[in-house]
Structure formats: C-alpha cells, structure tokens
Amino acid sequence: MSGFFGTLAHETFLQHALIGGLLASLGCGVIGTYVVAKRISFVAGGVAHSVLGGMGIAYFLGASPLSGALVAALVAALIIGWVNLRLRQNEDTIIAALWAVGMAVGVLFISRTPGYNADLMSYLFGNILMVSRADLYVMAALDVVAILVVTLFSKQFLAVSFDQEFARVRGVRVEVFHLLLLCLVALTVVVLIQVVGLILVLALLTLPAAIAAQYLSRLVPIMALAIVLGMAFTCGGLALSYAPDLPAGATIILLAGVTYLFSLGARRLLPWHKTHRTRA
C-alpha cells in the first residue's frame, strides 16, 4: 500500500482516480441515503442498467458515451416515475422492461459500430484509473446540482420518502418531488458509472448509506457518515488494488460489501442493539 501512496504523489492518473472516487462518494452518500430510506434500490438498478442503450447510441453516432448515459438515465427515471404515479402500476414490471430493453439496445448499437472501444467497456465494468480531468468536471457539476437541489428541497424530499399521503395533505406536490428525486438518482448513477461501472453501481450507491443507517437514526448524520464511508471505500479500494493490479471498481465494491456484512453481524451481537427508524 505504501507503493500506492508513493506513486500518488507524482502520477496524475492516480490523482484523478482519487478525486473521482471522492466526488462519487458525495453523490452516493447524499442520494444513496434517500434510495435506502425510500427503498427504491431496484429503481436505481433499473436506471443504471438502462443507460447502456444511451451509451451505445451515443457511441454509434460518434458522441460521448457519458452524454448518452445521462440522457438515458433521466429518461428511464422519468418513465419509471410516470408509470408509477399516473398508471398506478407497480414499478417492478416497467423497471425490468427498461433494464432488459436498455441492455439490448446498447448491445445492438455497439455491435453495429465498427471496431472495439475499450473506453465503452470501461463504463460497463468501471475503470477509475481512466477518469480524465474533463470527467472530473462533469462529476463535480452533477454533484453540485444534486446537493443543491437536496438542500433546497430537503423537507419535501423527506416527506415524499416517508409518508406521501401526509405530504399531500400538507400541500406538497408529491408527483413533482418524486420525479425530481428519481432524476437525482439518475444523475448519481451517471457519476458512479465513472468509478465502478454500471454493473456494480447499485452496490456503491446503497451500501455506505445502509451501513450508516445501522447506527444512526437521523437523515443528515446518515448522509454525512455515508459520504465518509464512501470515501473510505473508494480510497481503500484504490490502494488495495494498486499493487496486485486488481480491478479497482470490483475491489471497492468488495471492500464495501465485506464491511456491510461485518457491520451487520457485529451490530446484532452488541448488547445495546436497538431497532430504529430513520428520521429527519
């Protein structure tokens, strides 16, 4: 691990990777907390896997795969939210459909594009070591948008996440803020794709918040701890994967998963273990 920190001082690509991991941790800590509290992990997974279609189309047209991912993620989030709110249908079916169709469209367009693009494959499985300065700017901008919106409408998001009927009685526009929250999930998914790829994005989005929720009961402290945990996982995963030349994204997720399981088991053995619910 000492070799990693020694190389970090003078290698730009490692510095970009570390900064990218920290930026991703901000998004997964803030938005991931709502995902865990509202229990919409499956929604986030559906959005994440549907973006392959957008990336494939963008690559076929000669555009940036990341721009295609952003458009596809937002469209998928809005479709899922609209079906749930307007058609009063369960989200499971539409999520499964978007998941499958997005992946299929992506595969078809990639297959029709001449050559093989390693960069596009890195979006599937993650390659944090390939994060560029331009990618960092995009990630930072998406983080700023997400955090700003959450700050401005924190009370509305809280009401929508825990009691939609009460929120309606209090005059909150539930449909608007439900869709807005799903759009924030979509933005965060795009940020995390840069780090761990769309296949593993769900784990990094939910595990830090899930661990934090085991020990804290208020929303803001959970967000803060989830951010710290996300930073620890991304930095620790980078350091652990560097010397043996392991895939950084998979190492990050493995570290987060082991920590979650250990925390879950240890907490059940603690004498002061109590069941609690998250609140503002």
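The model is predicted, so local features need pLDDT of at least 70 and side-chain atom pairs count only at pLDDT 80 or more, whereas totals for chains, interfaces and linings use all residues. Residues are numbered from 1 along each chain as its sequence is written, and side-chain values use heavy atoms, with hydrogens and water left out.

**Overall fold and dimensions**

- The protein chain holds 12 helices and 0 strands, where helices (H or I, at least four residues) and strands (E, at least two) are DSSP runs numbered from the N terminus; the order of elements from the N terminus is accordingly α-α-α-α-α-α-α-α-α-α-α-α.
- With a radius of gyration of 19 Å, close to the 19 Å that the globule rule gives for 280 residues, the protein chain is as compact as a globular protein of that length; the radius is taken over C-alpha atoms, and the rule is 2.2 Å times the number of residues to the power 0.38.
- Taken along the principal axes, the box filled by the C-alpha atoms of the protein chain is roughly 55 × 50 × 30 Å.
- Of the contacts in the protein chain with a separation of 6 or more, 75% come from residues 24 or more positions apart, a contact being heavy atoms within 4.5 Å.

**Surface and charge**

- The protein chain exposes about 13,400 Å², of which carbon and sulfur atoms supply 68%; accessible areas come from the Shrake-Rupley method with a 1.4 Å probe, and for residues only the protein chains shown count as cover.
- The mean positions of the 16 positive and 10 negative charges of the protein chain lie 14 Å apart, with Lys and Arg counted as positive, Asp and Glu as negative, and His and the chain ends not counted; each charge is placed at NZ of Lys, CZ of Arg, CG of Asp or CD of Glu.

**Cysteines**

- A disulfide is taken as a pair of cysteine sulfur atoms within 2.5 Å, and by this rule the count comes to 0 disulfides.
- C28, at 1% relative accessibility, counts as buried, and its sulfur is 11 Å from the closest cysteine sulfur, in C235, which is too far for a bond.
- C183 also counts as buried, at 16% relative accessibility, while the sulfur of C183 is 19 Å from the closest cysteine sulfur, in C28, and therefore too far for a bond.

**Positions within helices**

- T234 belongs to helix α11 and counts as buried at 1% relative accessibility; leaving aside residues up to four places away in sequence, T234 touches G21, L22, S25, L204 and I252.
- A141 sits in helix α7 (residues 133–152) and is partly exposed, with a relative accessible area of 41%; the C-alpha atoms of A141 and L23, which are 118 residues apart along the chain, are separated by 9.8 Å.

**Loop residues with positive phi**

- R39, a residue other than glycine, has a positive phi near 60°; R39 lies in the loop between α2 (12–38) and α3 (41–60) and is exposed, with a relative accessible area of 77%.
- D245, although not a glycine, has a positive phi of about 60°; D245 is placed in the loop between α11 (219–242) and α12 (248–269) and is exposed, with a relative accessible area of 67%.

Key. Buried < 20%, exposed > 50% of the residue type's maximum accessible area, 1.4 Å probe, protein only.
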